[in-house]
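Hi everyone, thanks for coming. Let me put the structure up on the screen, and then we can walk through it together.

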2 protein chains.
Amino acid sequence: MAPPFQRIVLASRPRGEVKAENFRLESAILPELQDGEVCVRNQFLSLDPYMRGRMSAAKSYAASQELDQTMIGGTAGRVTASRHPDFAEGDAVVGLLGWAEAGVARGDALRKVDTGTIALSAYLGVAGMPGMAAWYGLNHIMHAREGETVVVSAASGAVGSVLGQLAKLRGCRAVGIAGGPEKCAHVVVELGFDACVDYKAGNLLADLSAATPDGVDALFENAGGAVFDAALSRMNGFGRIAVCGLISGYSGAPAPIHNIGALLIKRISLRGFIVTEHLECWPQGLAELAALVAAGQLRYRETVAPGLASAPDAFIGLLKGQNFGKQLVRLM
Amino acid sequence: MAPPFQRIVLASRPRGEVKAENFRLESAILPELQDGEVCVRNQFLSLDPYMRGRMSAAKSYAASQELDQTMIGGTAGRVTASRHPDFAEGDAVVGLLGWAEAGVARGDALRKVDTGTIALSAYLGVAGMPGMAAWYGLNHIMHAREGETVVVSAASGAVGSVLGQLAKLRGCRAVGIAGGPEKCAHVVVELGFDACVDYKAGNLLADLSAATPDGVDALFENAGGAVFDAALSRMNGFGRIAVCGLISGYSGAPAPIHNIGALLIKRISLRGFIVTEHLECWPQGLAELAALVAAGQLRYRETVAPGLASAPDAFIGLLKGQNFGKQLVRLM
């Protein structure tokens, strides 16, 4: 019989803010490997804001995370056993094995990745789903052109950091919004944005206005609430808005938006999207992102929590903006 | 010298609600007709919500209405003198001569219309700019398909009434939102919508839910505020929203929108638009609308105020929803 492994299940649905008690660490046994399946030892778990939505029973775009089942989520690891012709022991793979040390998946649910030029963990961030969210929004919704001003909230995060760098690469003015001077400095100095506004500094609208002297042509919205409102007030005519996340409202009643008039007055085009619904774009996007990472043109930062047991607290911190760059869990 | 005519000018900018004292009725003299110009005696003035925005000095999508100048606006009348080869005395024309009994315009700023099968006044409503707003939103933003549910606010108004009828003609379920039982009855009985919700009845969300059992696939928004919020909560995945007006917020601080999360969760596509910025669509759209009116397939209702002096009060009533169908002023 296979040795037991550790996993984290959803123990109860949060009411308001997520708490550690909503999760439970437990042991489980891997099922016997069937034809076409692959057994993976996870090395990194991806923690992402969308998981908060899945924890609620409320109808959303995706099925709820079931109680007492392994928390869903992206993973990167190594194949330990394979009954699928495309995978061999030792292969690096990314998949959706959830908050667990190991798992079994069908081969077609795994993607073999090259760790020769890119670190395995990057396939969960800049060269994975978060990177694709930025790539899709910029290319398919924001249509940002050279010389235009692009604004992105949660700019130091896994998605926002890629968005601004991609915008810079095409000759846009990239302006971030992030929480605190350390994150803002990172966004400008390390990631090369033209400016970054600290929404916690108390002068959001004035600071954003100063950072966007020519207004905002395209907005990538991750935050919602006051940050979204401020950005709306700076939009130029025929501006484009990609709504990727509204993290400020994930743990309670979302803050209302006041500058709705801008949608009409500025003739805004806005689209909310879920990047996993546009898989037809992934081969092209992932190839571009991986090439840019390998060439050193796309930088990223990670916050890595140690060990499976650290995942709940790391996730709670993520929802509060305590992470810095992509939030991962490294399995021991 | 030409005889004097009456006109209404903007005397002062409103603070909050528009008041009669913001306007001034006065006499003026027509300028001498130049080559290429046409003199028109207006028979109808169009009153439209967009005029409220022009009365403010605040930056909007269009230049402000200047103080002490004739209030802007669409007009329909007859040519009284012409120095343009395409126009002759007696021709029926629509133009933008403003709140005035007469005016002079260049020929290329006038459109000659056929009053043989369609009443002159209809070219200011169902077969004019308001009709085009509905036509453009339905065809170029909402992409409503047979069997889908379409919702429109201000459903008995000049734009909303056309929107719902066009939706019905293509096999959609058309649901209106309007103020009061009389308007709602008109929308269903006379215009043929499948249902109309009275937002003044106190059960907006429950009533709208009952009227849209399969959710809302496409929304045409004229109102803003609580009406927009309720419609957002009923949107289906991949729903489309055309924002044409937000009349509830025109006279003060616009009501905030709470259901912003729907933009993301439902992956909404939304676009605000000004139909006069899409003139390339007008020849096709106006031809379709006129044909439908002539065939009796597009019905309309008008509220006609008598005489130029009645325009300010009629406009103030329009902003409060006191009109029923297209608001016009008939000149004596």
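Let's begin where two strands meet. Strand β13 of chain A and strand β13 of chain B, residues 269–272, pair in the antiparallel sense over three bridges. If you'd like one bridge to look for, find A:Ser269: its partner in β13(B) is B:Arg271. Please keep in mind that this is a predicted model.

Now for the rest of the interface. How many residues of chain A are in contact with chain B? It's 27, and they touch 27 residues of chain B. Together the two chains bury about 2300 Å² between them, with 70% of that on carbon and sulfur atoms.

What about charges? There are two salt bridges between chain A and chain B. In one of them, the side chains of A:Arg267 and B:Glu277 meet at 2.3 Å, N to O. Six residue pairs are in polar contact across the interface as well. On chain A's side, the elements giving two or more residues are β12 (235–243), α7 (261–265) and β13 (269–272). By class, that side has 18 nonpolar, six polar and three charged residues.

Finally, let's visit a helix in chain A. Is α3, residues 160–169, mostly covered or mostly open? Mostly covered: eight of its ten residues are buried, among them A:Val162, A:Leu163 and A:Leu166. The cover over those buried residues includes α2 (129–142), β8 (149–153), β9 (173–178), β11 (216–221) and α8 (282–294), again of chain A. After α3(A) comes A:Gly171, with a positive phi near 85°.

Terms used:
Residues numbered from 1 in each chain as written. Chains lettered and ligands numbered in written order. Predicted model: local features only at pLDDT ≥ 70, side-chain atom pairs only at ≥ 80, totals over all residues. Heavy atoms only, no water. Contact = heavy atoms within 4.5 Å. Buried area = accessible area lost by both parts, 1.4 Å probe. Salt bridge = Lys/Arg side-chain N within 4 Å of Asp/Glu carboxyl O. Polar contact = N/O pair within 3.5 Å; in protein donor to acceptor, adjacent residues only side chain to side chain. Helix = DSSP H or I, 4+ residues; strand = E, 2+ residues; numbered from the N terminus. Nonpolar A, V, L, I, M, F, W, Y, C, P; charged D, E, K, R; others polar. Pairing = 2+ DSSP bridges. Buried < 20%, exposed > 50% of the residue type's maximum accessible area, 1.4 Å probe, protein only.
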